[in-house]
Amino acid sequence: MRISVIGCGYLGAVHAACMAELGHEVVGIDVDSGKVEQLNSGTAPFHEPGFDAVLARNVRNGRLRFSTSFEDARGASVHFIGVGTPQVAGGYAADLTYVDAAVDSLVSILPPPGEATVLVVGKSTVPVGTASALAERLASTAGILVWNPEFLREGFAVKDTLSPDRIVYGLPQDEASATTATAALDSVYSSLLDLGITRLTTDYATAELVKVAANSFLATKISFINAMAELCEATGADVTQLAHAIGMDDRIGPKFLRAGIGFGGGCLPKDIRAFIARAEELGVGDALAFLREVDAINDRRRDRVVALAREVVGGSLSGRHVAILGAAFKPDSDDMRNSPALDAADRIASEGARVVVTDPAAGPVLARQRQDLEIAEDAFAASAGADVVLLLTEWRQFRELDPVALGETVRARVIVDGRNVLDPAAWRAAGWTYRGMGRP
Ligand SMILES: NC(=O)C1=CN([C@@H]2O[C@H](COP(=O)(O)OP(=O)(O)OC[C@H]3O[C@@H](n4cnc5c(N)ncnc54)[C@H](O)[C@@H]3O)[C@@H](O)[C@H]2O)C=CC1
Ligand SMILES: O=C(O)[C@H]1O[C@H](OP(=O)(O)OP(=O)(O)OC[C@H]2O[C@@H](n3ccc(=O)[nH]c3=O)[C@H](O)[C@@H]2O)[C@H](O)[C@@H](O)[C@@H]1O
């Protein structure tokens with residue numbers, strides 16, 4: 001099938017490449033000409049394991065190309081929308097400017113009603129009610145709108161796109177349109193459906209809510225365990241043992257119970273805030289009051305790691321050399337949007353410390369973007385002469401550090417493990433003062 005993907009960021013570029021991998025003829029459209037040029041050369045504009053290979057292979061075989069012109073999307077039978085929906089400046093709500101612009105551009109290239117049906121498939125994360133409003137704007141065209149939320153995780157984007165836990169279609173009310181749309185989208189995803197992946201059909205509002213409910217649940221799970229970490233800090237208990245023990249209950253499960261410096265990224269933080277804002281607009285703000293607490297607990301973890309750093313160096317960070325291992329919001333990504341690690345680095349630098357940051361993928365990006373931060377090649381270079389080392393993004397390279405070897409480079413053997421991934425006994429045995437988050 002001929003497919004276009006509008007918006008080629010973390011979601012859209014991976015989606016476009018994966019759709020080509022499934023055998024479709026795909027054009028990705030983005031307003032960023034630099035990104036388009038890079039994608040056309042078969043090189044990923046961001047770090048995502050496995051993406052480079054899928055991108056390069058499909059650009060080379062001619063099934064995948066990228067363009068800044070919507071004219072190149074004309075004639076496709078399915079148009080995916082994957083543009084950003086960031087938080088509005090100064091507020092909690094989602095900024096729908098980019099989605100609106102993408103739909104306006106699509107309206108200008110879609111055939112008129114009566115001609116062969118074309119699908120417009122929303123993948124961006126939007127406030128409930130957006131899809132039905134957009135469907136009205138497509139009424140002057142042959143476009144039928146489906147809301148098909150995306151659940152991929154950065155670091156696993158290719159795997160999650162080609163092997164999702166489930167696929168959700170939010171369909172129009174009109175039965176004939178819903179049937180046509182389901183059949184067309186089933187053709188797009190036929191290889192995945194043949195693998196037995198479950199496809200659920202709902203109305204627009206349910207599909208939109210499934211997405212933000214899922215992210216809210218994940219954020220709540222993380223803040224729950226971080227709240228327990230606060231209790232552990234007050235009592236001398238160990239949150240990693242607590243998480244292990246409660247996670248053995250099937251009803252709770254072990255995943256997303258890693259306490260530490262909290263969640264960040266381009267999605268969980270802004271999605272829970274946009275959800276709060278939308279619930280308030282709908283007059284049901286009380287239903288999501290708990291999400292404000294989820295957000296507040298998450299913020300406190302960032303305060304906590306800075307306070308710990310202050311405490312372990314004896315009260316003031318001013319003039320101290322602080323090595324920070326990690327800048328991305330999670331390992332296997334170079335994404336620093338709302339990154340807890342980078343936020344902590346900035347807060348510590350603002351207290352007068354000499355901060356040296358290292359990150360296997362985000363480091364080179366940071367070096368280009370931020371002249372005010374010192375960036376080092378690796379953990380050893382960052383830690384040379386350090387008064388304290390902070391592990392803030394749990395890259396494998398940092399999890400596997402040898403405490404004896406690192407001990408030889410630092411000025412003082414003091415480590416704060418912001419992700420609770422190191423073995424305290426091994427580090428203490430090598431002469432380090434070890435502090436975790438919510439661990440004695
Ligand atoms: N990053 C992720 O892992 C996931 C993201 N999402 C959702 O997907 C959406 C996109 O997120 P990301 O890919 O992370 O954002 P991003 O910021 O990396 O990418 C958005 C892209 O859209 C482009 N764009 C903006 N306006 C455009 C227009 N009018 N026409 C064409 N292109 C345009 C931008 O230049 C940019 O390349 C958001 O709603 C996000 O919540 C959902 C699931 C996973
Ligand atoms: O809507 C989105 O964009 C995506 O948001 C998240 O994916 P992602 O942001 O890539 O990363 P996660 O693995 O969810 O991690 C988010 C943050 O939570 C933190 N985290 C995660 C798990 C945990 O136990 N503890 C914890 O602090 C991570 O370090 C990271 O900062 C969801 O997991 C995806 O399903 C969703 O599609």
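The structure is a predicted model, in which local features need pLDDT of at least 70 and side-chain atom pairs count only at pLDDT 80 or more, whereas totals for chains, interfaces and linings use all residues. Residues are numbered from 1 along each chain as its sequence is written, and chains are lettered from A and ligands numbered from 1 in the order in which they are written.

The protein is divided into domain 1 (2-196) and domain 2 (204-440), with bounds that come from an automatic or database domain assignment. The C-alpha centres of domain 1 and domain 2 are separated by 32 Å. Across the boundary, 26 residues of domain 1 are in contact with 25 residues of domain 2; two residues are in contact if their C-beta atoms, placed from the backbone, lie within 7 Å. On the side of domain 1 that touches domain 2, α5 (130-137) and β7 (166-171) each supply at least two residues. Helices (H or I, at least four residues) and strands (E, at least two) are DSSP runs, numbered from the N terminus. By class, this side of domain 1 comprises 16 nonpolar, nine polar and one charged residues. In this classification, Ala, Val, Leu, Ile, Met, Phe, Trp, Tyr, Cys and Pro count as nonpolar, Asp, Glu, Lys and Arg as charged, and the others, Gly among them, as polar.

The largest nonpolar core has 130 residues, and those with the most contacts inside it are Ala309, Val322, Ile324 and Leu390. Such a core is a set of buried Ala, Val, Leu, Ile, Met, Phe, Trp, Tyr and Cys residues joined through C-beta atoms within 7 Å. A residue is buried if 20 or more other C-beta atoms lie within 10 Å of its own, exposed if 12 or fewer, and partly exposed in between, with C-beta atoms placed from the backbone. Helix α9 (residues 204-235) gives the most to this core, with 10 residues. Both domain 1 (2-196) and domain 2 (204-440) give residues to the core, so it lies between them. In soluble globular proteins, nonpolar side chains tend to be buried together. When neighbours within four places in sequence are left aside, the contacts of Val322 include Ala309, Ile348, Val355 and Leu390.

Two ligand shells were examined. Ligand 1 is surrounded by 26 residues, of which the closest are Gly7, Gly9, Leu11, Ser124 and Thr125; a residue is near a molecule if its C-beta atom, placed from the backbone, lies within 6 Å of it. The elements that give two or more residues to this shell are α1 (10-21) and α4 (97-109). The shell around ligand 1 consists of 12 nonpolar, nine polar and five charged residues.

Ligand 2 is surrounded by 21 residues, and the closest are Glu154, Arg258, Phe263, Gly265 and Cys267. Helix α9 gives the most to this shell, with three residues. The shell has 10 nonpolar, six polar and five charged residues. Domain 1 (2-196) and domain 2 (204-440) both give residues to the shell around ligand 2, so it lies between them.

Cys267 also carries the UniProt annotation "active site", from an unreviewed entry. UniProt positions are given in the numbering used here, feature names are shortened, and annotations may be inferred rather than shown by experiment. Cys267 is located in the loop between α10 (239-247) and α11 (268-281). This residue counts as buried because it has 25 C-beta neighbours inside 10 Å. Beyond its neighbours within four places in sequence, Cys267 is in contact with Thr125 and Asn215.

Asp332, in the loop between β9 (321-325) and α13 (340-350), has a positive phi of about 65 degrees although it is not a glycine. Asn420, in the loop between β13 (414-417) and α18 (424-429), has a positive phi of about 55 degrees and is likewise not a glycine. Most residues other than glycine have a negative phi. Asp332 is buried, with 21 other C-beta atoms within 10 Å, and Asn420 is buried, with 21 other C-beta atoms within 10 Å.
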